[in-house]
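Reader: I would like to learn how to read a structure slowly and carefully, one feature at a time. Could we go through one together?

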Amino acid sequence: MTALPQFSHLRHQIHQYTRTDAEQALNASRPGIHELAALLSPAAEHYLGEMAARSRQLTLQRFGRTTQLYAPLYLSNYCTNRCVYCGFSADNTIERRVLSLEEAEQEAEVLHSRGFSHILLVAGEADAIVGVSYLEDIARRLRHRFAAVSIEVQPLEEEQYRRLFTAGITGVAVYQETYDETLYDSLHPSGKKRDFHYRFDTPRRAGAAGMREVGIGALLGLSDWRAEGLSLGHHLLLLRNQFWQTAFTVSFPRLRPAAGAFSPLEEVTEKNISQLIFALRIFDADVGLILSTREEPHFRDGMLGLGPTRYSAGSCTAPGGYSNPDGNGEQFSVGDHRSLSDMASVIRDKGLDPVYKDWDSTFQH
Ligand code: SF4
């Protein structure tokens, strides 16, 4: 896959844009990568209200009055990597656990009984513990009960994604964490995740394997969020050029307190995330934008209808945490503890429709 422009170049580029550039980008009929850069610039901060209005209008046009809801299901917190910012890092002393197939099914049952029909299977990166066969087995058990089962696990080969698709997995999320390659090297001191380019190429492999949905993202708080946003735009363009039938999503995970007590390297405020979301929506009207329970209720509520199209709800980030809420071993502590039904009420109060499924896996076979 073609490489991205250098991160340092993008960072420099964004700061060159003026208020006039930002205004032109806002009014562009077909915004491209230069318009995205202008909308991410400090100059565009003066137009945040106008950006919100445009983003809202585009979201309504393409997605209607809907907000999709999903929950993560943590399968395992074993990890062979040592990402310095993560609670699951092999360096941290936490209670480790991998769910048996029966336990995973039990967790899924709790989520199903709460009304979820879209789940995201999450695991630390440990091939020997959570491998493709294990994921296939789980997918086969869950596929008929859920409208969509996606994964956020270690990067896999194209052929492995094909196997998982056949077993019933329809979506893959893999976040680059940071597109700043120099910083990436220092944050990932050992393990398979050290390979920046292999990770960068993962969404392409998932798309090539026929996954219906592919998610990318950057972990906010590691590097310059504006340049991360522009890198996400470049990455999205590369993927869209190859896979016009695939649905793409972008997530905006912001660093949360976790075991290891890593402090963010860059401050990213709610205002910054808003600008990032509005800019990406204006740049790509079709992309799904995800705002997870990492964020606090007041911010999530305020953003409803303005750009994001999918929210998680009632999330627990420890394996087995839905069946046993008193257990340990979480990846990070969440910012919004509200249940699915509470979240659905808030969405309705905003005049939007909470959507529990947007796809039926029976169409796949
Ligand atoms: S971010 Fe992922 S790969 Fe890195 S330590 Fe955490 S779980 Fe493992």
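Reader: Is Ser323 buried, exposed or partly exposed?

Author: Before we look, please note that this is a predicted model, in which local features need pLDDT of at least 70 and side-chain atom pairs count only at pLDDT 80 or more, while totals for chains, interfaces and linings use all residues. Residues are numbered from 1 along each chain as its sequence is written. The general idea is to count C-beta atoms, placed from the backbone: a residue is buried if 20 or more other C-beta atoms lie within 10 Å of its own, exposed if 12 or fewer, and partly exposed in between. Ser323 has 13 C-beta neighbours inside 10 Å and therefore counts as partly exposed.

Reader: Where does Ser323 lie, and which residues does Ser323 touch?

Author: Ser323 lies in the loop between strand S8 (310-312) and helix H14 (340-349), where helices (H or I, at least four residues) and strands (E, at least two) are DSSP runs, numbered from the N terminus. Two residues are in contact if their C-beta atoms, placed from the backbone, lie within 7 Å. Leaving aside residues up to four places away in sequence, Ser323 touches Gln106, Glu107 and Val110. Gly210, by contrast, is 113 residues from Ser323 in sequence and 33 Å from Ser323 in space, C-alpha to C-alpha.

Reader: What can be said in the same way about Ala247?

Author: Ala247 belongs to strand S6 (residues 247-251), and because 17 C-beta neighbours are found inside 10 Å, Ala247 counts as partly exposed. Apart from residues up to four places away in sequence, Ala247 touches Arg212, Glu213 and Gly288. Val214 is 33 residues from Ala247 along the sequence, yet the C-alpha atoms of the two are 6.4 Å apart.

Reader: How should I read a phi angle, and what is the phi of Glu177?

Author: Most residues other than glycine have a negative phi. Glu177, although it is not a glycine, has a positive phi of about 70°. Glu177 sits in the loop between strand S4 (171-173) and helix H8 (181-187), and Glu177 is buried, because 23 other C-beta atoms lie within 10 Å.

Reader: Now for helices: how do H11 and H12 pack?

Author: Two packed helices are described by the angle between their axes and the distance between the axes. Axes are lines fitted to C-alpha atoms, for helices over the stretch in contact, and angles run from 0 to 180 degrees between N-to-C directions. Helix H11 (residues 225-242) and helix H12 (residues 270-283) pack at about 20°, with axes 10 Å apart. Angles under 35 degrees count as roughly parallel, over 145 as roughly antiparallel, 65 to 115 as roughly perpendicular and the rest as oblique. H11 and H12 are therefore roughly parallel to each other.

Reader: Which residues of H11 and H12 meet?

Author: Trp225, Gly229, Leu232 and Gly233 of H11 meet Asn272, Leu276, Ala279, Leu280 and Phe283 of H12. These residues divide into six nonpolar, three polar and no charged, where Ala, Val, Leu, Ile, Met, Phe, Trp, Tyr, Cys and Pro count as nonpolar, Asp, Glu, Lys and Arg as charged, and the others, Gly among them, as polar.

Reader: How are H1 and H11 arranged?

Author: The axes of helix H1 (residues 7-14) and H11 come within 9 Å and cross at roughly 110°, so H1 and H11 are roughly perpendicular to each other. The contact joins Phe7, Leu10, Arg11 and Ile14 of H1 to Arg226, Ala227, Leu230 and Ser231 of H11, and its residues divide into five nonpolar, one polar and two charged.

Reader: And what is the arrangement of H4 and H12?

Author: Helix H4 (residues 48-63) and H12 pack at an angle of about 50°, with their axes 9 Å apart, and H4 and H12 are therefore oblique to each other.

Reader: Finally, which residues surround the ligand?

Author: A residue is near a molecule or strand if its C-beta atom, placed from the backbone, lies within 6 Å of it. The ligand is surrounded by Cys79, Asn81, Cys83, Cys86, Phe88, Ser89, Gly124, Glu125 and Lys193, a shell that divides into four nonpolar, three polar and two charged residues.
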